[in-house]
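I opened my notebook to record what I looked up today.

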Amino acid sequence: MPMPPTITRLNLCFCIQIVNQDMVNSSSSLGTNIIVNHDFCGGLHSWHPNCCEGYVVSADSGHPQANSGGNYAVVTNRKECWQGLEQDITGRVSPGSTYLVSASVGVSGPLVGCVDVLATLKMECQGSETKYSLVGRSSVSNGKWEKLEGKFSLSTMPDKVVFYLEGPSPGIDLLIQSVVISCSNPKGRRHGNASDGDEDIVLNPKFEDGLTNWTGRGCKVVLHNSMGDGKIVPQSGKVFAAATERTQSWNGIQQDITGRVQRKLAYEATAVVRIFGNNVTSSDVRATLWVQSPNGREQYIGISNVQATDKDWAQLKGKFLLNGSPSKVVVYLEGPPAGTDILVNSFVVKHAQKVPPSSPPDIENPAFGVNIIENSNLSNGTNGWFPLGNCTLSVGTGSPHILPPMARDSLGAHEPLSGRFILVTKRTQTWMGPAQMIGDKLKLFLTYQVSAWVRIGAGATGPQNVNVALGVDNQWVNGGQAEVGDNRWHEIGGSFRIEKQPSKVMVYIQGPASGVDLMVAGLQIFPVDRQARFRYLKRQTEKIRKRDVVLKFSGLDWSSAYGSFVKIKQSQNSFPFGTCISRTNIDNEDFVDFFVKNFNWSVFGNELKWYWTEPQKGNFNYKDADEMVDLCKSHNIDMRGHCIYWEVVDTVQQWIRSLSQNDLATAVQSRVTDLLTRYKGKFRHYDVNNEMLHGSFYQDKLGKDIRANMFKMANQLDPSALLFVNDYHVEDGCDTRSAPEKYIEQILDFQLQGAPVGGIGIQGHIDSPVGPIVCSALDKLGILGLPIWFTELDVSSSNECVRADDLEVMLREAFANPSVEGIVLWGFWELFMSRENSHLVNAEGDINEAGKRYLELKQEWLSHAHGHIDEQGQFTFRGFHGTYSIEIATISKKVLKTFVVDKGDDSPFEVSIAL
C-alpha cells in the first residue's frame with residue numbers, strides 16, 4: 001500500500017485541524033483512551049504493520065531497549081520511511097471533538113544522530129482521494145525513549161480513519177512502547193452523524209414531549225398520567241407511554257435511532273416497564289434492536305429482558321454493540337402475549353461506561369485441602385448434622401475406608417476414612433437427607449471440591465439420582481450427582497464457588513425416591529489448590545506434547561559447520577485452538593484481527609444449524625455460512641461443522657415438528673444431502689446429531705436406528721469429514737444423564753450399529769472447574785481410543801482474574817491429556833457469548849485478564865532453542881509439535897530455514913537441513 005512522500009502530506013488538510021504539539025499536556029487524563037491494546041499487553045491485537053513486519057517483546061527479552069519496564073512493539077523489515085504500525089480508529093472518533101495524542105517511541109538500528117518519528121492520520125472517503133495529515137513528530141536517537149505528542153480534531157466524519165506511526169529511514173526499526181489518544185472534551189460532545197459519551201441516544205426518553213419520536217411497532221401507542229382507576233402512576237415524571245391494541249408478541253413501542261449510534265461502541269439500554277391487561281399478571285418484556293445493513297440484510301439483536309408484572313414497575317437493563325455499518329437501526333420493546341399492554345416510564349440508551357479491570361480476590365488463609373464439614377468421620381455420632389425434613393439419621397458401619405478417586409487425586413496421601421456412614425431412613429420426599437450449615441466456613445471466589453461415597457437401600461424400582469446440593473440463601477446449587485442403582489458404594493464428585501456474600505449456606509444430600517434409604521460416607525468439601533495441580537500438568541505436558549528433535553546439517557565441510565550458532569524459534573503450535581464465530585462478528589475488523597491471529601480452527605455459532613439454513617420449508621439461507629467459510633479459508637483456518645441435526649425438541653423448527661413420519665424421514669435425508677454436498681471437503685468435522693444424551697426428537701419420531709443412520713448418510717456424502725457425537729455436562733460431575741459412563745455406552749451402541757463415529761465432542765460449558773474431576777472424565781472416555789475435542793468451551797466468573805484461572809484449569813487439563821486433540825472456545829468477545837461474564841475481550845476490544853491468560857498459555861506452549869552445531873554436525877532439542885524457523889550463522893553466511901515437528905511416536909524426530 002505505497003503512499004506519497006511524507007512531505008507532500010502536510011498540506012492536505014481534509015476536514016482536520018492540526019494544533020501545535022507544544023500546546024499538549026501529555027499527562028492530561030481528560031478522556032478514555034480510544035486506542036485498543038495501547039501498551040501491547042495483548043501482543044499486536046488491533047495493530048497492523050503497514051507493508052512491513054512487527055512483533056512484541058517484553059522487558060526481559062534482551063532487546064536493545066528492554067530496560068523499558070514493559071512490553072513494546074518492534075516494527076522491522078521497513079523498506080520505506082512511511083512504513084510503520086497502524087490502528088483503525090473509525091468507530092472511536094467523532095466530528096467536533098478534540099483528541100490529544102501521546103506516544104512513547106524509540107528507534108533501533110544503524111543510525112547516527114537522530115531521526116524523526118511521525119504520528120499520522122489517514123482518512124478515506126468513498127469516491128474521494130485518500131488524505132493524510134501529520135498529527136505530531138518527535139526527534140529520537142538510538143537507545144532512548146521519547147514522547148511524541150500532538151492534537152487533532154475532525155470537522156466531518158470520513159468513512160475510515162486510521163492512526164499510524166512512521167518516519168525513520170528504511171532499515172531502522174521503529175519501537176513503540178505505548179499510545180494514548182483521548183478526547184479532551186468528552187462531556188462536551190455533540191453528535192453530527194452519531195453520538196456517544198453521556199448523551200442519550202434515545203430522544204424524548206421520558207415522554208416529556210409527549211410521543212414525539214416514538215411510534216407503535218404493529219400497534220398503537222398512547223400517553224397516560226395514570227391507569228387502572230389511579231392505581232398505576234409513573235415511577236418518575238408525570239406521564240408514561242403504553243403500547244396497546246397489540247395482536248402479536250412482537251408488537252410494542254419503538255424509536256428509530258439511525259445515525260445516533262456508532263459501530264464498534266458498546267451501548268447500555270435501561271427501561272422502566274410494567275404490563276397491564278388481559279388478565280396477565282407476569283410476562284417477559286424484551287428490548288430488541290432491529291438492524292438493516294446497506295445490502296438489505298436484517299438482524300435482530302436481543303438487548304435484555306425482564307420479568308415484568310402488573311403490580312409494579314421493573315427495570316430492564318442490557319448492552320449491545322453494532323459490528324457493521326447499518327443503514328437503519330430501530331430499538332423497541334416487545335414480548336408479552338397479544339392483548340397485554342406494555343407500559344414504559346422511561347427508555348434510555350447511552351454509551352456504556354467501561355468497567356474497571358477486576359483485581360484478584362484477596363483470600364486470606366485459603367486452607368487448601370482442609371475439609372470444612374464438621375464431624376465428617378462421624379466419630380461423634382451425628383453431631384453437627386441434622387435431618388432435612390421428617391426423616392431419621394443414624395450411624396452405620398461398613399463404608400469404604402479409602403477416599404473416592406477424584407478427591408484422592410486432589411489431596412494426595414490422606415488418612416483412611418472411618419468406615420462409618422450416615423443412614424437416612426423414613427424418607428417421604430426426594431429432598432430429605434442429612435444436612436449441615438457451612439456458611440461461616442466458606443470464602444468468596446474460592447473453588448471448592450465436593451466428594452462423597454453414597455449408596456441406597458432396598459426398595460428402589462430403578463437407578464436413583466443422588467445429589468450433593470447447597471442451599472445458598474434458598475437458591476439451589478449443584479455440588480455433584482451420581483446415578484446409584486445397585487448394592488455398591490458410588491463416588492460423587494463435583495465443585496462449586498460462591499461469588500456473592502450469602503446470609504446462610506446449607507449443604508444437604510438428596511435424590512432417591514421416597515421410601516428409599518440413603519447412605520452417605522466421608523463427605524468432603526475442601527478448597528482446591530490449583531497451582532499445585534498446574535505444576536503436575538506442566539510435567540505431563542512436557543511428556544505428551546513435546547518431542548526430541550535432531551537437526552542434521554549437510555552441505556558444508558565439518559570445519560565450517562562445527563560450532564556454527566543455531567537459533568530456533570517456533571512460530572505455531574500444531575495443536576488446534578479454535579473459537580466460535582458468528583456472521584455479524586466478521587463485520588468487525590478488530591474481532592477478525594484477534595480471531596485470525598490467535599486461533600487456527602473455528603466453528604459457527606448458529607449459521608450452519610438447520611433452523612438457520614432452512615427456517616421455513618424450502619426457504620434456504622446459506623449466504624451467512626458461505627461468507628464465514630470464505631473468511632476462514634482465506635486465513636487457512638480449519639472448520640468444524642456444527643451441527644447437521646439437533647436432537648433437543650425445543651431447537652427443532654415448527655415446520656419440522658409438524659411433519660408426518662414419512663415426510664420427516666424425507667426432510668432428514670434432504671437436509672444432510674443439501675448441507676454436505678454444498679460444503680463437501682470444506683468442514684473437517686461435523687457434529688452429526690447434537691446433544692443426544694439430552695434429547696430424543698428424531699429418535700422418538702423415526703425410531704432408534706435413525707441416529708446411526710445419520711452418521712452413515714453423512715459419511716457417504718463426505719467421507720473426508722470426521723463425524724462427532726457432541727454433548728454437555730460430560731466433564732463436570734453435575735448431570736447423571738451425560739456422565740462419562742452414559743456417553744461411552746451410547747458410543748459403543750452406535751458402533752455396534754455400524755455408525756462411523758470418528759470423535760467425541762465435550763462441549764465444556766463449565767462452572768468452577770476442578771482438574772481431577774475433568775481429568776477423570778477424559779480418562780474414562782479415552783479408553784474408546786477416539787479423539788476427544790472440547791467443542792464449546794467457556795467458563796464464567798464476575799471476576800475476570802478468577803475467570804482466567806478457570807480457563808487455565810480447562811486449557812491445561814485438556815493440553816496435558818493425550819486423548820484430547822483439540823480445543824474450541826465458544827466465543828471470546830463480550831456481548832457475543834452465550835453466557836455472561838465469560839468473554840476474553842471486552843466489547844470495545846480491550847483484552848481482559850482471561851484473554852491475557854489465554855495468550856500467555858499460547859506463548860508458553862511455543863518452544864525456542866539456541867546453541868552450536870556439535871562435532872557430529874547435529875543440534876538437538878526438545879520442542880512442542882508445530883512449525884519452526886531456524887537461523888544458522890556459519891563462518892561464511894547466514895542461512896534461514898523452516899521445518900515442522902510432527903506428533904509421531906516417542907522416537908526422536910530427525911530433520912535434514914542443507915546449508
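**Entry 1: the largest cavity.** I sorted the lining of the largest cavity by class and got eight nonpolar, two polar and one charged residues. The model I am reading is predicted. I then listed the lining by name: Lys-609, Trp-610, Tyr-611, Cys-643, Ile-644, Tyr-645, Trp-646, Thr-651, Val-652, Gln-653 and Tyr-698. Lys counts as charged, and Lys-609 is in this lining. Thr-651 and Gln-653 are there too.

Which elements each supply at least two residues of this lining? I found α6 (610-613) and β36 (638-646). The largest share comes from β36, with four residues. The space in this cavity is about 70 Å³.

**Entry 2: the other cavities.** How many cavities of 30 Å³ or more does a search of the whole structure find? I noted four. I wrote down the names: Arg-92, Lys-264, Leu-321, Asn-588, Asp-590, Trp-829, Ala-843, Glu-844 and Gly-845.

**Entry 3: a sheet.** Next I looked at an open sheet of five strands. I read its order as β13-β14-β21-β16-β19, and the pairing is antiparallel. Which strands stand at the edges? They are β13 (220-224) and β19 (314-321). Each has a single partner strand, so one side of each is left without a neighbour in the sheet. On average, neighbouring strands here are turned by 35° against each other, direction ignored.

I reminded myself that strands of a sheet pair through backbone hydrogen bonds, either parallel or antiparallel. I then checked one pair inside this sheet. Strand β16 (residues 266-276) and strand β21 (residues 341-351) run antiparallel over ten bridges. I picked out Ile-275 and found that its bridge partner in β21 is Ile-342.

**Entry 4: one residue.** I turned to Ile-253, which has its place in strand β15 (residues 252-256). Is Ile-253 buried or exposed? Its relative accessible area is 0%. Buried means under 20%, so Ile-253 is buried.

What is Ile-253 in contact with, leaving aside its neighbours within four places in sequence? I listed Phe-207, Trp-214, Thr-215, Val-221, Ala-241, Ala-243, Val-331, Tyr-332, Leu-333 and Val-344. I followed up on Val-331, which is 78 residues from Ile-253 along the chain. The C-alpha atoms of Ile-253 and Val-331 are separated by 8.6 Å.

Note on methods. Residues numbered from 1 in each chain as written. Predicted model: local features only at pLDDT ≥ 70, side-chain atom pairs only at ≥ 80, totals over all residues. Heavy atoms only, no water. 1 Å grid on protein atoms, 1.4 Å probe; cavity = no way out; pocket = protein on both sides within 12 Å on 5 of 7 lines; lining within 4 Å. Points joined across faces, edges and corners; volume = space filled by probe spheres on them. Pairing = 2+ DSSP bridges. Axes fitted to C-alpha atoms, helices over the stretch in contact; angles between N-to-C directions. Buried < 20%, exposed > 50% of the residue type's maximum accessible area, 1.4 Å probe, protein only. Contact = heavy atoms within 4.5 Å.
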